[in-house]
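Work through the exercises below with the sequence and the structure open. Each task is followed by a solution in steps.

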Amino acid sequence: MAYDAQPAPATVYHPAPAGMNIKVAASDLSVRYGGALALDRVAMDIPDRSVTACIGPSGCGKSTFLRCINRMNDTIETARVSGSIRIDGEEVNDRSIDPVLLRARVGMVFQKPNPFPKSIYENVAYGPRIHGLAASKDELDAIVETSLTKAGLWKEVADRLHQPGTSLSGGQQQRLVIARAIAVNPEVILMDEPCSALDPIATARIEELIDELRENYALIIVTHSMAQAARVSQMTAFFHLGALVEYGPTEEIFTNPRDQRTQDYITGRFG
């Protein structure tokens, strides 16, 4: 992957509301895959301890934006990134930043639950172990229990920690993946359609968990569900054709959008 040195200026800057602490800040952020422009000069501030929902039709740049935050685009040879994305003022694309350590700070939960082919315990213990976060077995046990508790899973699996993570239901697997992400003390949690493969009951449990997690983390979630975005998020960003069309408090975006394209999308006229 390559980085361009001098991006074009952003057309519109989207700040977070006054009084909110900024966790992630994008400026003039563009991404190309080969000759295709996937993200076009995005400039926005994402607040800490809140949920930001990214909405928009398929192929509009939502997931590409998510992948910029923890540099998952590094794994795509044709990707070219320009502009800036910062976490607490630190440029994530700086050559001095280790992507492995960055991905510990910025956890990722994908559309389909992807537990490791290991036990429930080892799924959660893996990250803390390789990052040296536990000095003893007792400390590691405590991290595993705390992480599973935060993910709302401990009571369901406490007596079967050594069974395979893949033996859990789909909703439980997704909560296990969330426990795995938070076990390494991240600052930001990215979720790419985390409920699209789940039934309504499991979806409701994940949404409850998202609401609980925002007390301690900045969460950024990609969703195709307008109802879900309205339920779980405090801020909403509407993407279309690679551009950030509109960004603001969720209630305002859904009740009084400023751009006609936003209005058309949330009312189902396209997308």
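**Exercise 1. A loop residue**

Is Arg 71 buried or exposed?

Solution. The model is a predicted one, and every value here is computed from it.
- Step 1: apply the cut-off. Buried means under 20% relative accessible area. Arg 71 has a relative accessible area of 9%, so Arg 71 is buried.
- Step 2: check the backbone. Most residues other than glycine have a negative phi.

**Exercise 2. A positive phi in a strand**

In which strand is Arg 41 placed, and what is its phi?

Solution. 
- Step 1: the place of Arg 41 is in strand S3, which covers residues 36-47.
- Step 2: the phi of Arg 41 is positive, about 50°, although Arg 41 is not a glycine.
- Step 3: the relative accessibility of Arg 41 is 27%, so Arg 41 counts as partly exposed.

**Exercise 3. Aromatic pairs**

How many aromatic pairs does the structure hold? Classify the pair Phe 65 and Phe 239, then the pair Phe 116 and Tyr 126.

Solution. 
- Step 1: count. The structure holds three aromatic pairs.
- Step 2: take Phe 65 and Phe 239. Their ring centres are 5.8 Å apart and their planes stand at 40°, so this pair is tilted.
- Step 3: Phe 65 belongs to helix H1 and Phe 239 to strand S10 (residues 235-240), so the pair ties together parts that are 174 residues apart in sequence. Both Phe 65 and Phe 239 are buried.
- Step 4: take Phe 116 and Tyr 126. The ring centres are 5.3 Å apart with the planes at 75°, so this pair is edge-to-face.
- Step 5: Phe 116 lies in the loop between strand S7 (106-109) and helix H3 (120-130), and Tyr 126 lies in helix H3, so the parts tied together are 10 residues apart in sequence.
- Step 6: Phe 116, at 27% relative accessibility, counts as partly exposed. Tyr 126 is also partly exposed, with a relative accessible area of 35%.

**Exercise 4. The buried side of a helix**

What are the buried residues of H3, and which helices do they pack against?

Solution. 
- Step 1: the buried residues of H3 are Ile 120, Tyr 121, Asn 123, Val 124, Ala 125, Gly 127 and Pro 128.
- Step 2: these buried residues pack against helix H4 (137-150), helix H5 (154-157) and helix H6 (170-182).
- Step 3: look just after H3. There, Gly 132 takes a positive phi of about 65°.

**Exercise 5. Sequence distance and space**

How far apart in space are the C-alpha atoms of Val 81 and Phe 239, and those of Ala 202 and Gln 174?

Solution. 
- Step 1: Val 81 is found in strand S5 (residues 79-87), and at a relative accessible area of 5% Val 81 is buried.
- Step 2: Val 81 and Phe 239 are 158 residues apart in sequence, and 18 Å separates their C-alpha atoms.
- Step 3: Ala 202 is found in helix H7 (residues 200-213), and at 12% relative accessibility Ala 202 counts as buried.
- Step 4: Ala 202 and Gln 174 are 28 residues apart along the chain, with their C-alpha atoms separated by 9.1 Å.

**Exercise 6. The whole chain**

What radius of gyration does the protein chain have, and what percentage of its residues count as buried?

Solution. 
- Step 1: the protein chain contains 10 helices and 11 strands.
- Step 2: a compact globule of 271 residues would have a radius of gyration near 18 Å; the protein chain has 19 Å, which agrees.
- Step 3: of the 271 residues, 50% count as buried.

Technical notes: Residues are numbered from 1 along each chain as its sequence is written. This is a predicted model: local features need pLDDT of at least 70, side-chain atom pairs count only at pLDDT 80 or more; totals for chains, interfaces and linings use all residues. Side-chain values use heavy atoms; hydrogens and water are left out. Helices (H or I, at least four residues) and strands (E, at least two) are DSSP runs, numbered from the N terminus. Buried means under 20% relative accessible area, exposed over 50%, partly exposed in between (1.4 Å probe, protein chains only). The radius of gyration is taken over C-alpha atoms; the globule rule is 2.2 Å times the number of residues to the power 0.38. Rings of Phe, Tyr and Trp (its six-membered ring) pair if their centres lie within 6.5 Å; planes under 30 degrees apart count as stacked, over 60 as edge-to-face and the rest as tilted. Contact means heavy atoms within 4.5 Å.
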